[in-house]
Amino acid sequence: MMQTRATLVCFGCGSSIPDGLNIYGQYLCPDCEGKLIHTNINELDYQHWISVCRKFWETIKIDLSDED
Ligand SMILES: [Zn+2]
């Protein structure tokens, strides 16, 4: 039941590139961070990021309806 913090796995691409972001316990590598910021609606990657973000919110289980 021991969690290893040494190995960071990006929730966007599954790689272990260091120096990324840790968001609510989820890791985002710098490569994906840049993609996420610069991805436009017209780009093919957009659909990928929609599902990634959805998976991210489900993982951290934040109640998004709280602001309502
Ligand atoms: Zn990544």
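Guide: Two residues are in contact if their C-beta atoms, placed from the backbone, lie within 7 Å. With that term in hand, the structure above can be read step by step; please keep in mind that it is a predicted model.

Visitor: Which residues is C32 in contact with, leaving aside its neighbours within four places in sequence?

Guide: C32 is in contact with C10, G12 and C13 under that condition. C32 also belongs to the largest nonpolar core, which has five residues: C10, Y27, L28, C29 and C32.

Visitor: What is the general idea behind such a core?

Guide: In soluble globular proteins, nonpolar side chains tend to be buried together. In the present case, buried residues make up 9% of the 68 residues in the protein.

Visitor: How many helices and strands does the protein have, and what pattern do they follow along the sequence?

Guide: The secondary structure comes to two helices and two strands. Read along the sequence, the order is β-β-α-α.

Visitor: How should confidence be read before looking at these elements?

Guide: Where pLDDT is low, the predicted coordinates should not be read in detail. Here the protein averages a pLDDT of 78, and 72% of the residues score at least 70. Among the elements, strand 2 has the highest mean pLDDT (89) and helix 2 the lowest (81).

Visitor: What can be said about the reach of helix 2?

Guide: An α-helix has 3.6 residues a turn, so residues three or four places apart point the same way. Helix 2 covers residues 45–60, and its 16 residues reach 23 Å from the first C-alpha to the last. That span is close to the 22 Å expected at 1.5 Å a residue. K61 follows helix 2 and has a positive phi, near 55 degrees.

Visitor: Is helix 2 hardly covered or well covered?

Guide: Helix 2 is hardly covered, as the count of buried residues among its 16 residues is zero.

Visitor: Where does S51 stand in relation to G12?

Guide: The C-alpha atoms of S51 and G12 are separated by 9.5 Å, although the two residues are 39 apart along the chain. For the protein as a whole, consider the contacts between residues at least 6 apart in sequence: 20% of them join residues at least 24 apart.

Visitor: Which residues does L36 touch, not counting residues up to four places away in sequence?

Guide: L36, found in helix 1 (residues 30–38), touches G12 and W49. L36 and G12 are 24 residues apart in sequence and 9.1 Å apart in space, C-alpha to C-alpha. L36 is partly exposed, with 15 other C-beta atoms within 10 Å.

Visitor: Where is L8 found, and which residues is L8 in contact with?

Guide: L8 is found in the segment before strand 1. Leaving aside neighbours within four places in sequence, L8 is in contact with S16, P18, G20 and Y27. L8 and Q26 are 18 residues apart in sequence, and their C-alpha atoms are 8.8 Å apart in space. L8 has 18 C-beta neighbours inside 10 Å and therefore counts as partly exposed, since a buried residue needs 20 or more.

Visitor: What is the phi of D19, and what is that of Y24?

Guide: D19 has a positive phi of about 65 degrees although it is not a glycine. Y24, likewise a residue other than glycine, has a positive phi near 50 degrees.

Visitor: Where do D19 and Y24 lie, and are they buried or exposed?

Guide: D19 lies in the segment before strand 1 (21–23) and is exposed, with 8 other C-beta atoms within 10 Å. Y24 is found in the loop between strand 1 and strand 2 (26–28). Y24 counts as exposed, having 10 C-beta neighbours inside 10 Å.

Terms used: Residues numbered from 1 in each chain as written. Predicted model: local features only at pLDDT ≥ 70, side-chain atom pairs only at ≥ 80, totals over all residues. Helix = DSSP H or I, 4+ residues; strand = E, 2+ residues; numbered from the N terminus. Expected span 1.5 Å × (residues − 1). Buried ≥ 20, exposed ≤ 12 C-beta atoms within 10 Å, placed from the backbone. Core = buried A, V, L, I, M, F, W, Y, C linked by C-beta atoms within 7 Å. pLDDT = per-residue confidence, 0-100.
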